[in-house]
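Subject: Structure for your review

Dear colleague,

Please find below the structure I promised to hand over, with the sequence. My notes on what was found in it follow directly after.

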Amino acid sequence: MPTQKDYNSISDSYLILLQTARELFAEHGFHNTTIRMISKQANVNVAAVNYYFRTKENLYFEVFQDAFKSLYASFEDTVHEVSNDTTWREAIDKWLSFVLTLFLSDDPQYSLVRQIVAHERSTPSQLCRNLYDEFFIPVVNTLRDLLMMATHDLNGVEFRAFYLSILGQCTSYINRASPWDEFLIEKSIPRNEWIEIIKEQIKQNIFARCSYKPKNTN
């Protein structure tokens, strides 16, 4: 499989295979997608899949890596940017925007990833633990770290309940297959407006409960 330093010279076949695999994994999940299906739809020889990725597992992992490195790149330093209540609130807004857009947007760059994650939750692949550690945990740990900056009065159990309640409000939108869309999506307004409304509701829940306070402040 190509290394990071090879990305500038990756062939068209590699990129086509990656995009085709993302679409098929999103539609069928890991278990029901085969290398032959991917190569046929991509109009690329099976040997090319073996050359670039060697196994379906490697290709699947690369699909996640390719998606998350672009979606999460501008977000991963959010916690380190917090220095006061204003920047903390901005970071909370940024996190919610990222996650709700990932789960609610119909833009293919988000919706395909959401569908793959939904498959992984309902019918986990053998890579589930690796994907969980590599991609899911960094995202949710960012929320955890942000909330910890404003909830010093909670004990461990209380904090976990609060943290998971916020996370649950966001992840409830991951299962978007029909008929769930009828319940989860407001069709009378543009999707970006619906995302903003949901985000504001969740922010109000957070900000009503807590605000940023340096840990060493009395």
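In these notes, one residue is taken to cover another when the two are in contact, that is, when they have heavy atoms within 4.5 Å. Please bear in mind that this is a predicted model.

I begin with helix H8, which runs over residues 156–171. Phe 159, Phe 162, Tyr 163, Ile 166, Leu 167, Cys 170 and Thr 171 are the buried residues of H8. Viewed down the helix axis, these buried residues fall within an arc of 165 degrees, so they line one face of H8. Their cover includes helices H5 (85–104), H6 (108–122), H7 (128–148) and H10 (191–209).

The N-terminal end of H8 is capped by Asn 155, which has a side-chain oxygen 3.1 Å from the backbone nitrogen of Val 157. Leu 154 belongs to the loop between H7 and H8. Because buried means under 20% relative accessible area, Leu 154 counts as buried at 17%. Leaving aside residues up to four places away in sequence, Leu 154 touches Phe 159, Phe 162 and Arg 209.

The largest share, seven residues, is that of H7.

Helix H2 (residues 35–42) is the other element I would draw to your attention. Its buried residues are Ile 35, Ile 38, Ser 39 and Ala 42. Seen down the axis of H2, they fall within an arc of 95 degrees, so they too line one face of the helix. They pack against helix H1 (12–28), helix H3 (46–52) and H4. The face of H2 turned away from this buried side carries Arg 36 and Lys 40, both exposed. Just after H2, Asn 43 adopts a positive phi of about 60 degrees.

With kind regards

Conventions: Residues numbered from 1 in each chain as written. Predicted model: local features only at pLDDT ≥ 70, side-chain atom pairs only at ≥ 80, totals over all residues. Heavy atoms only, no water. Helix = DSSP H or I, 4+ residues; strand = E, 2+ residues; numbered from the N terminus. Expected span 1.5 Å × (residues − 1). Buried < 20%, exposed > 50% of the residue type's maximum accessible area, 1.4 Å probe, protein only. Arc of directions from axis to C-beta. Polar contact = N/O pair within 3.5 Å; in protein donor to acceptor, adjacent residues only side chain to side chain.
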